[in-house]
Amino acid sequence: MKGANYIPQDMFLPRVTEDRYFNLIDQVKNANMNMLRVWGGGIYEADTFYNLCDKNGILVWQDFMFAGSLYPSDSAFKENIKQEVIQNIKSLRFHPCIALWCGNNEIEVAWNNWGWQKQFGYSLQDSTEIWDNYTSIFEEMIPNLVQEYTSTNYTPTSPLSNWGTEENFNHSSMHYWGVWHGKEPFTNFTSNVGRFMVEYGFQSFPELSSLKKVISDSNLSLTSTIMQNRQKSYIGNGLILEHIKRNFKEPDSFEEFILLSQKTQAKAMQIAIQAHIKKQPHCMGSLFWQLNDCWPGPSWSVVDYYGKEKQAYDVVKIEYSLHP
């Protein structure tokens, strides 16, 4: 599988026109992708999205909309979950693009590795109750409903493996964030390849013309409050700059920083995708984070909010085309 993670195309959903769906799926097809993951922190998409994926041969890894959080255990809320799941399975089950249902994004890996129990002062009894509720939703209720209403495969969560240990690269789905959150060099993409790489990536800035649509010239700098507000990663701008200097040169201006950020992202993507494809059949899936954007600003996307392709898009297109 060659593709990317898809997020909502706008912070305000009614602004997403039919043309934006058509244009984005054209870009997916032109980049030689054959799968998109509809991420569990977003939305169940409009019919147009799935119809276009059907038409263009794009498979869909469909998360249910649960992500990075724990959920209530009361009967009313769980009945709400049940009806949500049934409704969306019935809505999507006849689309040939639906390849996989996934229960949630990163809840299990968070529970096992992010220290929530200590952070929130959970007792052993608290932890037991929380985990039992998690399994009742994602390992019992939802898979039973999937089995009842469709024949499509189901996995309870993504990832099933955590990138911190060597053994975990030998089984299951992987969100590899050693390069970014772990601040590792790009070369670590080559030595950290899981069986199915569901998330990985590196940030860049959209081109200057995209930023100018929403930011005044006086605020077009890394240090402006407005620009810093656009950066939603706690290590974003500093890490981008560090890798720019490591791989290219110290930028002389903000405009050059933007160009070099895209060049740096492109290099990261090229190293990662080449490593994943080279590792076949150990690795049989590469879905980078992320395809698109919901607003104009720095992010991991290869297509910005206005549909403009970054340099990494061209790299993805080439690398995916070399291995049909």
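**Exercise 1.** Find the ring under the charged end of Lys 213.

*Solution.* Start at Lys 213: its charged end sits over the ring of Tyr 306, 5.2 Å from the ring's centre. A charge sits over a ring if NZ of Lys or CZ of Arg is within 6 Å of the ring centre and within 35 degrees of the ring normal. Next, look at Arg 20, which lies over the face of Tyr 305 at 5.1 Å from the ring centre.

Before you go on: this is a predicted model, where local features need pLDDT of at least 70, side-chain atom pairs count only at pLDDT 80 or more, and totals for chains, interfaces and linings use all residues. Residues are numbered from 1 along each chain as its sequence is written, and side-chain values use heavy atoms, with hydrogens and water left out.

**Exercise 2.** Classify the pair of Phe 49 and Tyr 50.

*Solution.* The structure holds 24 aromatic pairs (rings of Phe, Tyr and Trp, its six-membered ring, with centres within 6.5 Å; planes under 30 degrees apart are stacked, over 60 edge-to-face, the rest tilted). Here the centres are 5.1 Å apart and the planes at 90°, so the pair is edge-to-face. Then check burial (under 20% relative accessible area, 1.4 Å probe, protein chains only): Phe 49 has 0% relative accessibility and counts as buried, and Tyr 50, at 0%, counts as buried too.

**Exercise 3.** Describe the pair of Phe 205 and Phe 257.

*Solution.* This aromatic pair is edge-to-face, with 5.2 Å centre to centre and 80° between the planes. Phe 205 is buried at 0% relative accessibility, and Phe 257 is buried at 2%.

Methods: Buried means under 20% relative accessible area, exposed over 50%, partly exposed in between (1.4 Å probe, protein chains only).
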